[in-house]
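Biologist: Could you walk me through the charged pairs and one of the helices in this model?
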Amino acid sequence: MNDISLKDALKVVGTRPVRPDGVDKVMGRAQFGGDAVMPGMIFGSTVRSPHAHARIIKIDTSAAEAMKGVRAVVTAADLPNITSEEAFVGEGPMNFRDLSCNLMARDKVLYDGHVVAAVAATSTSIARAAAEAIKVEYEVLPHVINEMEAMQPGAPVLHDDIFTSGVDPKPTTPSNVVKRMEFAKGDLEAGFAAADKIVERTYTTAPVHQAYIEPHACVAAFNPDGQCQVICSSQGHFMVRAYCAKLLGIDISEIRVTPAEIGGGFGGKTLVYLEPLALALSRKAGRPVRMVMTREEVFRGSGPTSGGTINVKVGAKMDGTITAAHAEVILQAGAYPGSPIGPALMTCWAMYDIENASAVGFDVVSNRPKVAAYRAPGAPISTYATESAVDELSRAIGMDPIELRLKNAAKDGTKALYGPTFQNIGYVETLEAAKNHPNLQAKLGPNQGRGVAAGFWFNIGGESSASLAVNEDGTIALVSGSPDIGGSRASMAMMAAEVLGVNVERVRPIIGDTASVGFTFVTGGSRVTFATGTAVCDASDDIVKQLRGRAAKLWEIDVEAVEWRDGSAYPAGDNAGKFEPLSLADIAVKSGRTGGPIAAKATVNAQGAGPGWGVHVVDVEVDKETGHVKILRYTAAQDVGRAIHPSYVEGQVQGGAVQGIGWALNEEYIYDKDGRLDNGGFLDYRVPVASDLPKIDVALVEVPNPRHPFGAKGVGEVPIVPPMAAIANAIFDATGVRMTSLPMSPPKVRAALDAAGK
Amino acid sequence: MYSPTYAAPTTVDEAVGLLANASGAARVLSGGTDLIIQMRSGRLRPEVIVDIKKIAGTIGIREEADGWHIGAATPGAEIGEHAGLCAAWPGVTEAVQLIGSTQVQGRASFAGNLCNASPAGDSVPGLVAAGALAVIVGKNGKRTVPVEDVPVSPGRTSLAADEFVYEFIIPKASGKTSDAYLRFIPRTEMDIAVVGCGITVTLDASGTCTAAKVCLGAVAPTILVLDDAAKILIGNKLDDATLAKLDAAAQAACKPIDDKRGTIEFRTKVAGVLARRVAAIAFERAAAR
Ligand SMILES: Cc1cc2nc3c(=O)[nH]c(=O)nc-3n(C[C@H](O)[C@H](O)[C@H](O)COP(=O)(O)OP(=O)(O)OC[C@H]3O[C@@H](n4cnc5c(N)ncnc54)[C@H](O)[C@@H]3O)c2cc1C
């Protein structure tokens, strides 16, 4: 295999070819989930709860069923009653029973927008009218939205079978607190006693949605012979298959899922909302059913990530040594257990080598949609708090924020609070890259400020499959099992081309359906270039081996005497120069004579993903009279291992930073007093628009990961971790006011300035 | 199943007839950038839609002796490209160009913005401050009213069921007269005004204000015309004391609500801030005439 330190030897990796899926997308021809068509298909719609918390007394579907054009109505009674069982199918654990109840409420609705019934009809408008004709009788129950209120004794309890785990003694009465978790090392008390300065503060964050442009969409057919076909956009069609099988009680072999193009996921499409319902409707109707959410349904019914409350205490000596650090993190899980509390705790101090540290967390249910993964789940929330506190600490001891981080930086050999010992990490290099970026030389004017924050994300490996076939003309068909949400087809083709020594245009990458390629875990955890990329390289290595074998056969020499270089077989050793080299195409055309078609497949359970490190520096200007914060300059440095396609790596970093800017400044779920979502649309759920943003400048740092053929590390998640703290720190620098609550929207900034008399 | 009828009459009489004789609720369609969205969301379900854009005079800008005549459904993009009108009334024309995006402005009109009757409509405070008139047609003929008399409460206008706005007349800006409009939004575009403020001033040769009209949007159920604030400006130059009084008068006039777009306290404070900033621009422009 290639020596990853020899970047200069690479011909394809590190270049910027046009992406194979680019032209279709630019021309509007790409087929997204809602574009898929099946012959004879009809259209589905859902009935959603208008209440935050209520018991379902009765569902009367008779009027809807009697309507002309209505072909099927389903309720929870049409789905199997699943028993409690932990699933590891998507990103982060999910209980099958909870997922089933989240898809279609059983007995109780737990949030505004919770689905209670679904209907399929010959047109979308009939389906919607039928949905309105379904009468649901509710007994409205008291509700609770805020996580701190949900923890109080006497709060409305969502589930009568949640008894807080991780506490001793285990409680005997149910509550909304699902579990307590803790990571600790050293002696906190001694650590704080040794500190010269201590910062202690409480921070809050609001739940934010992944806000992918494409709403959830699918078309599904449940055929009379029991075979099912699903076409949908998701972050994992094997995940869709597994969930549909389990939730409908059918064998995995009966279901074939074809991935559509995906218009953004960011973690929010690592679970199912529509597909099992569409199959259940199709089973009843005898026709394929298409379902597409409206934007309002996306906001009300699909998972945002958690909001939370974080208490931080951190202390340092005047020389900058951090002596002790503690964080307590309380996260909203939504209506069912399972906030990203684990990763929130594991990541929040990971950038530091601290002797005495702890992180304690609580997972809390309340009457909100069940949270879903969102880029680096949990880390942005806890890190907003810890990196704000570290900024305050750096000011308290009068040390530059980057210098303080360098002094305490995690390095190779640092044992993280959550257990592992880091190897081959590039955090110090990333800090240096940020420190040396020309943007930091820019002079700041009045009401302008600069903020720095860092972030960590594990990145994962896991199970992936890929196969390659050599076509008769020497071009290559490459099939992998990973939906492409960030340009991964380009990277896969480039890695294969590099190994094979051919032009990248000769490799045509596609994503296979669940029957055409081996199992592949979801596109999540920043794993695809690392794990699926490893499978692609393994399969490509196998192809090279076979090509050498075929050349050996043609030359009638030993395979060991054939060398593969620049896309051709060369006789080597004693045979060097004895035969004309054979190109890949030469061998392909003769493959029938040398043993038949040339193809290879590889499956991996990749281990050793290199963690990602990001350091962001942002300059802001605060309009003190209106509280409006303008982003003037934004610099994001990140250790990416090796950028296979630098443009798409930069795109990931820019996208993460921009989503973080939205999270920091304006995005939030707003509920009215009845627990109904008040801003379920892009008008009042404010993601940044282009005119809000400067160019996001990216500094790629490449400290290779030896566990990947070309040194790649995951890149897609860590860039959303630092922005919120970086912006809060910049606002402080500009105004002297510390913003401890997200979003830092104009009314809140102005109120904070007024309260501080600024 | 909901299926409205659509008509695109070519004369005022025909349109009035359709509105007067509609069996259910009828709605006038100009650009449709409010109406279609409200229909899609299910908030509005008119039985009859009367598109007025085929009626002569509803699209286009003419300069006449009594002022600028602007067809009710003239899209914002066309208004923004009219050099004469933009030079005469920079505030009015800037305001309409704040609406939505380039795409939305291909359709969005003054009449729709006014008759949607949201207190946050961006083009309304500027029109009011400029002293614009709305020409309304109906089965009893034509009547002309000040723009501020059209909206009566959120979503409701003073128009009868058979009436619609045919055109607007903005007086010619004489002497040292000019205007400005600013709105506050959390982002930089594609948003609804949290506060909007339009001011027109006339100055004498010394820079002293001789006439003024101040209008605030999004801080009460309808737009507010601030007579007190105008009185503060008249007889004064743009000095700190005048600006401070203007700020206080604007804040005092606000009757905003607490909602997802801003708190009462925030809207009130920002109304004062915008009044000061808008007055400064209007004075500077008027002085330059
Ligand atoms: C993406 C987007 C962004 C937007 N941004 C803004 C913004 O920044 N600021 C802002 O103020 N608005 C904004 N809007 C709202 C809308 O574009 C404006 O209010 C616009 O001016 C409406 O004009 P229209 O011609 O499209 O109205 P229409 O939708 O045609 O009509 C609106 C209402 O007025 C009535 N009506 C229309 N014409 C007449 C008439 N001649 N006589 C009587 N009644 C009439 C209609 O029946 C309807 O009730 C936005 C809309 C969208 C979709």
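Modeller: Before we start, contact here means heavy atoms within 4.5 Å, and please keep in mind that this is a predicted model.

Biologist: Fine. What do the buried residues of helix 13 of chain A pack against?

Modeller: The buried residues of that helix are in contact with helix 12 (401–407), strand 18 (448–457), strand 26 (612–623), strand 27 (628–639) and strand 28, which belong to chain A as well.

Biologist: And which residues of helix 13 of chain A are buried?

Modeller: Within helix 13, which covers residues 427–435 of chain A, the buried ones include Tyr427(A), Thr430(A), Leu431(A) and Ala434(A). These residues lie on the same side of helix 13 of chain A, because the arc they cover around the axis is only 100°. As a general point, an α-helix has 3.6 residues a turn, so residues three or four places apart point the same way.

Biologist: Changing topic, how many salt bridges are there over all chains?

Modeller: The count over all chains comes to 58 salt bridges.

Biologist: Let's take Asp21(A): which residue does Asp21(A) form a salt bridge with?

Modeller: Its partner is Arg19(A), and the closest N and O atoms of the two are 3.2 Å apart.

Biologist: Is Asp21(A) buried or exposed?

Modeller: Asp21(A) counts as buried because its relative accessibility is 5%, and the cut-off for buried is under 20%. Arg19(A), by contrast, is partly exposed, with a relative accessible area of 23%.

Biologist: What about Glu132(A), which side chain does that one meet in a salt bridge?

Modeller: The side chain of Glu132(A) meets that of Arg45(B), at 3.8 Å from N to O. This pair crosses between chains, since Glu132(A) sits in helix 4 (residues 124–133) of chain A, while Arg45(B) sits in the loop between helix 2 (35–40) and strand 3 (48–51) of chain B. Glu132(A) is exposed at 54% relative accessible area, whereas Arg45(B) is partly exposed at 44%.

Biologist: And where do Lys260(B) and Asp678(A) lie?

Modeller: Their side chains meet in a salt bridge of 3.7 Å, N to O. Lys260(B) is in the loop between helix 10 (240–253) and helix 11 (264–287) of chain B, and Asp678(A) is in the loop between helix 17 (646–665) and strand 28 (696–701) of chain A, so this pair joins two chains. Lys260(B) is partly exposed, at 26%, and Asp678(A) is partly exposed too, at 33%.

Biologist: Which residues are linked with those two in a network of salt bridges?

Modeller: The network links Asp678(A) and Lys260(B) with Asp684(A), Arg686(A), Arg187(B), Asp191(B) and Arg261(B).

Conventions:
Residues are numbered from 1 along each chain as its sequence is written. Chains are lettered from A and ligands numbered from 1 in the order in which they are written. This is a predicted model: local features need pLDDT of at least 70, side-chain atom pairs count only at pLDDT 80 or more; totals for chains, interfaces and linings use all residues. Side-chain values use heavy atoms; hydrogens and water are left out. A salt bridge is a side-chain nitrogen of Lys or Arg within 4 Å of a carboxyl oxygen of Asp or Glu. Buried means under 20% relative accessible area, exposed over 50%, partly exposed in between (1.4 Å probe, protein chains only). Helices (H or I, at least four residues) and strands (E, at least two) are DSSP runs, numbered from the N terminus. The arc is that of the directions from the helix axis to the C-beta atoms.
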